[in-house]
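Work through the exercises below with the model open. Try each task before reading its solution.

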Amino acid sequence: MRLLSHNVLRNTAKGVVDGYPLKIEAAEIDVRDTEPDLTFIRHLLPTISFSGLRSAAEDLGLDAAAFPASYSTTLGEDEAFLRALHKALFDVRVLEGSLVCPESGRRFSIRGGIPDMMLTDEELS
Amino acid sequence: MSRPERQNTPQNYYDDKEARKYNSSSRIIDIQSEITERALELLALEPGRRALILDIGCGSGLSGEAIEEAGHAWIGCDISKDMLVVAAEKESEGGDVLQRDMGQGLPFRAACFDGAVSISALQWLCYEDSKAQSATARLMRFFASLYTVLRRGARAALQFYPENSEQVLLITQAATRVGFQGGLVVDYPNSSKAKKYYLCLSFEHSYRVPQALGREEGGRALTSVGVTERERVKPRGRKKGGKREQVKSREWVLAKKEKQRQKGLNVREDSKYTARKRKDRL
């Protein structure tokens with residue numbers, strides 16, 4: 001699971017309001033460098049939840065302070081920041097561990113890099 | 001061939017063996033990437049710009065490969081763990097997968113994706129595999145969540161294999177009930193093999209579905225599938241002049257070729273040699 005996916009994922013079980021951001025309990029992480037596409041990162045900027053990103057960075061022991069608390073239009077001009085953002089969103093992968101819902105405490109396991117987001121029939125609204 | 005939807009639930013049908021078989025069949029790979037390319041075309045994304053695409057029912061990541069080839073990043077979800085394991089083994093540069101049953105709704109924040117595609121998956125929602133969940137409830141939950149996770153201005157192109165016209169109706173009605181605009185694009189409607197259904201959805205009120213392929217008088221959007229009237233066969237009688245009409249005249253050959261083109265078959269171009277009589281030999 002990439003942090004980009006973590007950034008958009010939420011728990012939609014019955015009775016949960018936001019279900020966001022999911023806390024990451026990582027047992028195995030892999031970091032692999034890929035070539036950043038800065039135009040694409042700029043395009044993604046307004047969609048990224050920075051609170052979600054900071055929470056993920058904290059959970060993984062990355063530098064959360066490198067990311068602002070919220071979106072502002074000037075962010076797209078800072079190339080070093082865009083590169084750091086690309087690295088966080090695309091290069092860091094959680095291979096083993098779990099995602100924990102901040103509201104209900106429900107755990108979703110991650111095995112082989114694949115989060116299991118399946119709900120039971122009782123959890124459906 | 002019987003439909004897999006009739007045999008088992010998707011998570012049981014696509015087990016490890018089926019997933020590897022699926023992913024190594026060159027015929028399936030070709031068909032899947034062709035459909036994905038067409039679905040991306042139907043999304044009408046801003047040209048030259050990388051987009052974040054949601055792939056619903058991504059399976060072993062065949063569609064994901066086509067999405068990447070088109071230059072986009074994607075996040076895929078599928079109900080079958082075994083299919084996803086095959087997808088994850090590919091270690092794609094721009095894609096990521098997670099396990100989720102789309103009938104439970106999509107587990108994403110609002111307005112994240114620039115577009116959504118789905119290849120040969122939607123029809124699974126029409127089959128009730130657990131007593132607790134009706135097909136309608138699952139379809140409604142899916143479309144309602146799709147409506148929220150797409151960015152305003154984004155579109156969805158969902159290709160599926162309906163078993164009958166009731167399924168088409170069930171799916172399109174669920175989509176319109178949650179507020180989507182759009183309809184069906186049926187490519188190559190005259191061919192049983194190349195015929196493909198795409199449900200094209202948008203937020204815009206003025207949205208008109210794109211033209212279908214292999215259709216003569218422009219793409220007419222179908223919201224329900226009707227039966228086309230059979231053309232009456234005209235008796236091949238004598239013409240006024242008393243001369244019998246040639247059995248395989250140039251017009252007949254051209255008409256037949258046109259029909260085959262509509263079915264999406266590979267047909268030679270028309271030339272001056274088309275239907276020309278061969279020299280009489282000894």
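**Exercise 1. Which order do the four strands of the open sheet in chain A have, and what is their pairing?**

Step 1. The order is β1-β2-β3-β4 (chain A), and the pairing is antiparallel. Strands here are DSSP runs (E, at least two residues), and helices are runs of H or I with at least four residues, both numbered from the N terminus. Two strands pair if DSSP finds at least two bridges between them.

Step 2. Find the edges. β1 (23–31) and β4 of chain A each have a single partner strand, so one side of each lacks a neighbour in the sheet.

Step 3. Check one pair. β1(A) and β2 (residues 92–100) of chain A run antiparallel, joined by eight bridges. A:Val31 faces A:Val92 in β2(A).

Step 4. α4 (residues 79–91) of chain A lies across β1 and β2 of chain A, at about 65° to β2(A). Contact means heavy atoms within 4.5 Å. Axes are lines fitted to C-alpha atoms, for helices over the stretch in contact; angles run from 0 to 180 degrees between N-to-C directions.

The model is predicted: local features need pLDDT of at least 70, side-chain atom pairs count only at pLDDT 80 or more, and totals for chains, interfaces and linings use all residues. Residues are numbered from 1 along each chain as its sequence is written, chains are lettered from A and ligands numbered from 1 in the order written, and side-chain values use heavy atoms, without hydrogens and water.

**Exercise 2. Trace the open sheet of chain B.**

Step 1. Seven strands follow the order β3-β2-β1-β4-β5-β7-β6 (chain B), with mixed pairing. β3 (95–99) and β6 (181–187) of chain B are the edge strands. The twist averages 15° from one strand to the next.

Step 2. β1 (residues 52–56) and β4 (residues 113–119) of chain B pair in parallel over three bridges. B:Asp55 stands opposite B:Val117 in β4(B).

Step 3. Helix α4 (residues 26–43) of chain B packs on this sheet, at about 145° to β4(B). Helix α8 (residues 165–177) of chain B packs on it too, touching β5, β6 and β7 of chain B, at about 10° to β7(B).

**Exercise 3. Describe the interface of chain A and chain B.**

Step 1. The chains bury about 2,900 Å² between them, 53% of it on carbon and sulfur atoms. This is accessible area (1.4 Å probe) lost on being put together, summed over both parts.

Step 2. Chain A gives 32 residues and chain B gives 36.

Step 3. Two salt bridges cross the interface. The rule asks for a side-chain nitrogen of Lys or Arg within 4 Å of a carboxyl oxygen of Asp or Glu. A:Arg32 and B:Glu91 form a salt bridge, at 2.8 Å, N to O.

Terms used
Buried area = accessible area lost by both parts, 1.4 Å probe.
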